[in-house]
Amino acid sequence: MQDKDRELRMRISLLLDSELDGRDNPRLIDRLEEDESLKEAWARYNLVGDVMRGPGRYVASRDFAAKVSAAIAEEPTVLAPKTASHKSTARRRAANLALAASLAAVAVLVGRSLNDHAEALQTAATQRQSASELALNATEGLENQAEAQFNDYLTMHNETAYMAGSAGVMPYVRLAGIRAGR
Amino acid sequence: MTFLRMSNFIPRLITLWFLAVFSPWAVSVEGDAEARTLLLNAKQAMSQLNYRGIISYMKDNRMESLNILHGVAQGVEQERVLSLNTPMRELVRTAETVTCYYPETKSMSVDRRPARHSFLFQLPVDLDDLGKYYSFSLGAVEYIARRQARQVIIEPKDDMRFGRRLWIDLESKLPLKFELLDENKQVIEQMVFNSLSIEQMIPPGELSPSTSVDGSWKIKQYEVLPTDSLNWSLDGVPEGFRMMSYTRLKRGQENRAIDHILLSDGISSVSIYIDQLMNEVFTAQPRRFGAINSYTRKLDGYRVTVMGEAPAKTVQSIGNGIHWQDSPQR
């Protein structure tokens, strides 16, 4: 890895830990949006964070990476379509697999420091599932966060529109009906 | 004026009179006036009558049931709306406060500004202003909740707003059914009374909140800001929308400030949220949630979200027209 790349990844890690100077954030986020490899790094670092925050759930045995790699090798090859407009299951699965592969290394990395007191996970199949779940958890975590914020905005919109007295019909009925998690 | 010219003028005047009285245009003007009167009657009925009912509220092919109670004692209104399905939210309005209970997040919002608006139905006092952007007309009489109701159609005059249809009870003047229509005149949100009972009085106990709140509940915080302190210029706002409020929300453990600007044309509202761009990979995309369209974009170190019950092009136009006043347009 080149020094420039290494420095970039270091800055992403700092961004994740809220330790980056606020003025640098927008430029780095621009880079993140444009660069697929950086996006992957971002996802991996998020997973590291999740693993570190949840030791009881995410600890893996030392041969975990090898078992996950073997399990992935048994999977049929899935070719992700190039066009961005098709969010097919196949593509999502391919993305999950890519994350699972990189996750194996992450789990081992973190597992080494936590593993001594933990029981090894039972089977390769379980581990493969856990890896995929972790990858999904990271994505879903971000999605849930965005959903919660969207809900908050929606609630405030309806509340404020009502109080301003110009919301037409149903400002508060809409509010009573908004489901959590939408 | 010579006699000859006068003799031409009189028949023209008679023709114009006939056209004015019997043309479709005249009928629509008459319908417009009746429709406006019915809407104002409905607004009055909502605030003056004692009633209880069950409402079905539909959006995104999902239905919610709500219980509504409205009472007036010595001219003071009280209102309570209770969600009958999960998440069991409750809204209570008294003379001084409006309180919203959100049991699923153990949070509540309390607004102490006097609120004299119905939870269901709000209209500006002056419909003439609204008439610049919407036309009003009458539709057929239909039965809703076993009552005869006249349809009132509110149609936008441009493609920057949604249309509405209301069915107003001929007897009580209460609005019994409501539909919000998108730009293709498809119903995107609907509310209808399944049952309605107009009563002499509603016992005060039934208008009190039933949600029990303990010390673990949070009260949502926000700060009202003077509108002239706004440092954002809004260049893409369609004609007729005005700024109704400017507030600063406090969110998260660190009390992060989020600016909230509310715009309205009288019956359609659009909110603008300006938040700091945090540690996130930004994904901008238009979204639709029932009647609400939203649009998010990045602006320097900020994330701007625009949402409201308006077409996607309206929220996008507003979102793309936001600029920091001290900086050149981007």
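Two strands count as paired here if DSSP finds at least two bridges between them, and I take helices (H or I, at least four residues) and strands (E, at least two) as DSSP runs numbered from the N terminus.

I note that this is a predicted model, in which local features need pLDDT of at least 70 and side-chain atom pairs count only at pLDDT 80 or more, while totals for chains, interfaces and linings use all residues. Residues are numbered from 1 along each chain as its sequence is written, and chains are lettered from A and ligands numbered from 1 in the order in which they are written.

**Entry 1: chain B overall**

I looked up the elements of chain B and found four helices and 21 strands. For burial I used C-beta atoms placed from the backbone, calling a residue buried if 20 or more others lie within 10 Å of its own, exposed if 12 or fewer, and partly exposed in between. On that scale, buried residues make up 34% of the 330 residues in chain B. For contacts (C-beta atoms, placed from the backbone, within 7 Å), I find that residues 24 or more positions apart account for 50% of those in chain B with a separation of 6 or more.

**Entry 2: the sheet that ends in β18**

I traced an open sheet of seven strands in chain B, in the order β13-β15-β16-β17-β20-β19-β18, with antiparallel pairing. Its edges are β13 (222–224) and β18 (287–289) of chain B, and each has a single partner strand, so one side of each is left without a neighbour in the sheet. The twist averages 25 degrees from one strand to the next, with axes being lines fitted to C-alpha atoms (for helices over the stretch in contact) and angles running from 0 to 180 degrees between N-to-C directions.

How many bridges join β18(B) to β19(B)? I count three, and the two strands run antiparallel; B:Phe289 stands opposite B:Ile292 in β19(B). These strands form a hairpin with two residues between them, and B:Gly290 in the turn has a positive phi of about 60 degrees.

Next I followed β19(B) into β20(B), which pair in the antiparallel sense over seven bridges, with B:Ser294 having B:Met307 of β20(B) as its bridge partner. This pair too is a hairpin with two residues between the strands, where B:Asp300 in the turn has a positive phi of about 50 degrees. On β17(B), the pairing with β20(B) is antiparallel over seven bridges, and B:Asp275 is partnered by B:Arg303 in β20(B).

**Entry 3: helix α4 against that sheet**

I then checked what lies across these strands: α4(B) lies across β17, β19 and β20 of chain B, at about 25 degrees to β19(B). In α4 (residues 312–320) of chain B, the buried residues include B:Thr314, B:Val315, B:Ile318 and B:Gly319. They cover an arc (taken from the directions from the helix axis to the C-beta atoms) of only 130 degrees, which puts them on the same side of α4(B). Among the elements that cover them are β14 (232–234), β17 (269–276) and β21 (322–324) of chain B.

**Entry 4: the other sheet and the cores**

I traced a further open sheet in chain B, of twelve strands with mixed pairing, in the order β7-β8-β9-β10-β11-β1-β2-β3-β4-β5-β6-β12. Within it, β1 (residues 50–59) and β2(B) pair in the antiparallel sense over nine bridges, and B:Ile54 stands opposite B:Asn67 in β2(B).

For a nonpolar core I required buried Ala, Val, Leu, Ile, Met, Phe, Trp, Tyr and Cys residues joined through C-beta atoms within 7 Å. The largest has 41 residues, and those with the most contacts inside it are B:Leu39, B:Ala42, B:Val152 and B:Ile168. Helix α2 (residues 24–48) of chain B gives the most to this core, with six residues. A second, separate core of 31 residues includes A:Met156, B:Ile188, B:Ile274 and B:Val304.

**Entry 5: positive phi in loops**

Most residues other than glycine have a negative phi. I therefore noted B:Gln74, whose phi is near 50 degrees, a positive value in a residue other than glycine. B:Gln74 lies in the loop between β2 (62–73) and β3 (76–83) of chain B, and is exposed, with 5 other C-beta atoms within 10 Å. B:Arg146 has a positive phi near 65 degrees and sits in the loop between β7 (134–144) and β8 (147–156) of chain B; with 9 C-beta neighbours inside 10 Å, B:Arg146 counts as exposed.

Conventions:
Contact = placed C-beta atoms within 7 Å.
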